[in-house]
Amino acid sequence: MASSQLGAGHSDLPKVDLKPLLTKLWPLNNDVTPDEIAEAISHFFTNQVTEAQTAALLMALHFTKMDFRADVLQKTAAVMLKAAEDIPVDGLNHALEKRGNKEGSYKGGLCDIVGTGGDSHNTFNVSTTASILASSMLMVSKHGNRASTSKSGSADMISSMKPKAPVLNAVKPNSLATIYDKTNYSFLFAPVFHTGMRYVAPIRKQLPFRTIFNNLGPLANPVDRFLEARVIGVGRRDLGPAFAEALKSAGCSKALVVCGEEELDEISCAGGTLCWLLTEKSPSGDIIIEHFTITPEDFGAKRHTLDEVSPGKEPAANAEILKEILCGKRPEDDALIDFVAINTAALFVVAGVCEADTSNLGHGDDGKVVLDRGPAGQRWKEGYRRAKWAIKSGEAWKQWNAFVDVTNEIGS
């Protein structure tokens, strides 16, 4: 039952005792199933588990490393999505069909690029910036929140944008169709859509380590059923296969899980990046996972050290950098531009727009499609070319401003 249906009645629901599960789970993990864990966590969202038992389960999952297992991640992400606010299906489908942004093998569905965070590198908000660049030709639903492990979370940065910031609380299930009628871009602020997480948030803050929810966030975009493509960065390489398998089990057929060799939750601009690509194999329709390594050179980009792209700044400073990027005020060979561009390029590749053999993007496009194929047989260089076009043409800045305007109209 969705949280919107349960509403204020959460406090009246009976408590659920997790002692039998905790006894089995810790310390020996005696035959605990993913379904048992998922069912227990589903009660978090309805405030039916005491704080002590909530913390105990999060700790047990952490120390048994069950929160790294693909089946546990997939099952718990599913219950988290079930508890999320309901999305009006017909209205959003109509809005997406009306936009008609179809090119190559991209069908016009929603896309997301997100990282788990917690990689300790404190880089710039790359995935958020890449999501805005990607909106130049994709329909984007960026799922994000305020900072938990860094100085500047995605929501913190975009709320600091000048001269006017978007109204994040105006992006709700019933306003999504209106927003996509005006722009390709939307930012889904997690607390608005995952309202049941308000019972868990204070407990997470009191724990000295990351919990399963740090891994579930990227797998629980509220518009999951509408997502056509996604790029997910993980801060530990041993999470890569688990995320890929979790996505496959959930039926996802267009996704790229990445981990920079420095244990970076982005595609690295400094060296190699481990990749797990989900694609649909024709004609069987089976989803396959291909593992490979990619480098900046595969995109046609230069290498830059992480020191060059790790501002580690507060939200207002990062917002100013974001504006400089979107407005084309940074040199084209700027290290941060390259870092953002290769990550944007990956989403273009996964979505399928790079499979188009012709190019008619408009202003700033030379029309010369890069047909070269690199790792996994994909057109990474064409994705990079398109990412640079998103800045030069001003199209990403246009989509961003349309998002700012429509959310301010709704929120006024």
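1. Let's start with an aromatic cluster: Trp 26, Phe 63 and Phe 209 are linked by ring pairs. Rings of Phe, Tyr and Trp (its six-membered ring) count as a pair if their centres lie within 6.5 Å; planes under 30 degrees apart are called stacked, over 60 edge-to-face, and the rest tilted. Searching the whole structure turns up nine aromatic pairs.

2. A quick word on what you're looking at. This is a predicted model, where local features need pLDDT of at least 70 and side-chain atom pairs count only at pLDDT 80 or more, while totals for chains, interfaces and linings use all residues. Residues are numbered from 1 along each chain as its sequence is written, and side-chain values use heavy atoms, with hydrogens and water left out.

3. Back to the rings. Tyr 185 and Phe 403 make an edge-to-face pair, 5.3 Å centre to centre with 80 degrees between the planes. Tyr 185 belongs to strand β3 (residues 185-189) and Phe 403 to helix α18 (residues 395-411), so this pair ties together parts that are 218 residues apart in sequence. Helices (H or I, at least four residues) and strands (E, at least two) are DSSP runs, numbered from the N terminus. Tyr 185 is buried, at 0% relative accessible area, and Phe 403 is buried at 0% as well. Buried means under 20% relative accessible area, exposed over 50%, and partly exposed in between (1.4 Å probe, protein chains only).

4. Phe 299 and Trp 380 form an edge-to-face pair too, with 5.6 Å centre to centre and 70 degrees between the planes. Here Phe 299 sits in helix α14 (residues 296-299) and Trp 380 in helix α17 (residues 380-392), so to speak distant parts of the chain, 81 residues apart. Both Phe 299 and Trp 380 are buried.

5. Lys 65 deserves a look. You'll find Lys 65 in the loop between α4 (51-64) and α5, with a positive phi of about 60 degrees although it is not a glycine. Lys 65 is partly exposed, at 48% relative accessible area. Its charged end sits over the ring of Phe 68, 5.7 Å from the centre. For that label, NZ of Lys or CZ of Arg must be within 6 Å of the ring centre and within 35 degrees of the ring normal. The charged end of Arg 225 likewise sits over the ring of Phe 226.

6. Now check helix α5 (residues 70-83). With 14 residues at 1.5 Å a residue, α5 should span 20 Å, and its end C-alpha atoms are 20 Å apart, which agrees. The expected span is 1.5 Å times one less than the number of residues. Among the buried residues of α5 are Val 72, Leu 73, Thr 76 and Met 80.

7. A cis peptide bond joins Lys 162 and Pro 163, with omega about 0 degrees; Pro 163 lies in the loop between α8 (154-158) and α9 (176-180). Glu 263 isn't a glycine, yet its phi is positive, near 65 degrees. Glu 263 is in the loop between β5 (255-260) and β6 (273-281), and is partly exposed at 26% relative accessibility.

8. Last, where is Ser 127? Ser 127 is in helix α7 (residues 126-134), and counts as buried at 9% relative accessibility. Leaving aside neighbours within four places in sequence, Ser 127 is in contact (heavy atoms within 4.5 Å) with residues including Ile 113, Lys 142 and Glu 266.
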